[in-house]
Amino acid sequence: MSKRIIGILLIIICAIVYHFMSGEAETPALYYSEIPIKIQSNPLEVSGNYVFWAANKGKSLYKLYLIDSKGQKIAESQDLPHTPFDPIVIGDKVIMSDHGKMVRAFSVPTLEPFWEAAGKVPFEKGSSKCGDSSLLQSSGMSLYCLDSLNGKQLWDITTTDGLVNHASDKVIVLIHGYKDVSNPIWKCSAYNIDLGIKIWDFGENVSKEKPVFVQNTCVLATSDGEIVVLNQYTGELLYRSGAKGFIIIKALNEGVLIANREYTTFAYISFLTGKSWTNSLKVDFIGAAQIDSNLMIADKKTLRCFDINSGLQKWEKELGDVYGLFPHRQGVFVTYKEDFRARTTYGACIGVDSSDSLWLAKGTSIFMKPIATADGDLLLNYDGTIRVMPNPEFKNIPESIPIASSTLNLAQTLKNVYQAMKEKDKPSETPTPDSTSTQMSTKQKVQQLKKSKQVNKAIPTDLPPISDEDAGW
């Protein structure tokens, strides 16, 4: 063998050794299991166990799985007939709608269908929670509220100009408008949770993005990108930023994160103090989480930790190619690759004290959001593997290290927003009247609603019996 070949081999060996020596070591899992198809959703806790859906899309195979805190399978559902949306959990029921036109509730621990409701058009979005025991499902131009116990329709809202987006908290906020024009106009209206009665309209055009809620306030962006804060119950305008060209990217404990539309700058606005600060985004925003007075934020390349009150950066960690960030225990979980071509995907639990991983998992695909259990951190991977990682040991939080950050030119006080946040929750069964019916009582509105003939019956109030063949089983 020539000296040249020997030299090349030595260089390759040294590079391999350096790669393994310099990389972070994987933390051994406490428990390990796997399923034969790909995991598609984050796990959700239900009655002390955990549910998610999985699929072999090439074979049109879709199933719900229920596992325990050690990752062992308890049950799997029958094959589902259409691609599902991610499930939600209400009480001891798992609710899942699909891209066909069905909403189903599954019992735990058997994952047997408990009730089902049908629409006349395929659903574009999955179900969402509404209050303590109800769910919302959009169908065509209507939004329906269903009882999670039996699937019966409680009320519906039908738009005349097209339902674009919705979100619920103390009230339900709808974004509606015309989708099929070159210059769309989106409007915002709010409805009472219990009755589905309109309680206010916002008098300006808004962006189509989903609104967010911070305590008793609703935060929107206008069509030109100005941030506005409204009282949830009345629609009263409490604050507007004055700056334009922004979108809302995250609601936090006492404020919001916004970004410019080019995603080169983000800003934090505190509703508690009225102060704000900005910093740069290197690439697209991925996620953020507030842990006490710390803000952890990830863009596509980097994870950073800030003091949320001052905007001072504490530390920064280059990750490569970031796919997700979730709050987890007293820190965050982030899943990433060293670069988009790499075969190994990492899942790391990181605290606010430093950028060091408290545990690190390696897989062949993207990791889902972990769940803290009594047995450890339940961690699922898209590739079908399930592991339980050891409980992370978080350290004390150090003082902030000053790093320069700019200041957004916004109002210096949000006293009226803070007062609205502190208001005692008003009973949702007494809607605030809107501007067109200020003298109409709740009882009169209910009577009017019952008499109304403009009700979209895409999801009937009483669903007739459906055969297994019609339901797609």
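Q: What makes the contact between E204 and R240 a salt bridge?
A: In this predicted model, the side chains of E204 and R240 approach to 2.9 Å, N to O. The cut-off is a Lys or Arg side-chain nitrogen within 4 Å of an Asp or Glu carboxyl oxygen, so the pair is called a salt bridge. The two partners belong to distant parts of the chain, with E204 in strand β18 (residues 198–206) and R240 in strand β22 (residues 237–240), 36 residues apart.

Q: Why are E204 and R240 given the accessibility labels they carry?
A: The relative accessible area of E204 is 29%, and that of R240 is 31%. Buried requires a value under 20% and exposed a value over 50%, with partly exposed in between, so E204 is called partly exposed and R240 is called partly exposed.

Q: How do you know that E226 forms a salt bridge with R240, and which parts of the chain does the pair tie together?
A: The closest N and O atoms of E226 and R240 are 3.0 Å apart, and the limit is 4 Å, so the contact meets the definition. E226 lies in the loop between β20 (217–221) and β21 (227–231), whereas R240 is in strand β22, so the pair ties together parts that are 14 residues apart in sequence.

Q: Is E226 buried or exposed, and why?
A: E226 has a relative accessibility of 8%, which is under 20%, and therefore E226 counts as buried.

Q: What makes R104 and D98 a salt bridge, and why is each of them called buried?
A: Their side chains meet at 3.2 Å, N to O, which is within 4 Å, so the pair counts as a salt bridge. R104 has 3% relative accessibility and D98 has 4%; buried means under 20%, and therefore both residues carry that label.

Q: How many salt bridges does the structure hold, and which residues are linked in a network of them?
A: The structure holds 19 salt bridges. K63, K73, E76 and D79 are linked in a network of such contacts.

Q: Why do C130 and C305 count as buried?
A: C130 has 1% relative accessibility and C305 has a relative accessible area of 0%. The threshold for buried is under 20%, so the label applies to C130 and to C305.

Note on methods: Residues numbered from 1 in each chain as written. Predicted model: local features only at pLDDT ≥ 70, side-chain atom pairs only at ≥ 80, totals over all residues. Heavy atoms only, no water. Buried < 20%, exposed > 50% of the residue type's maximum accessible area, 1.4 Å probe, protein only. Helix = DSSP H or I, 4+ residues; strand = E, 2+ residues; numbered from the N terminus.
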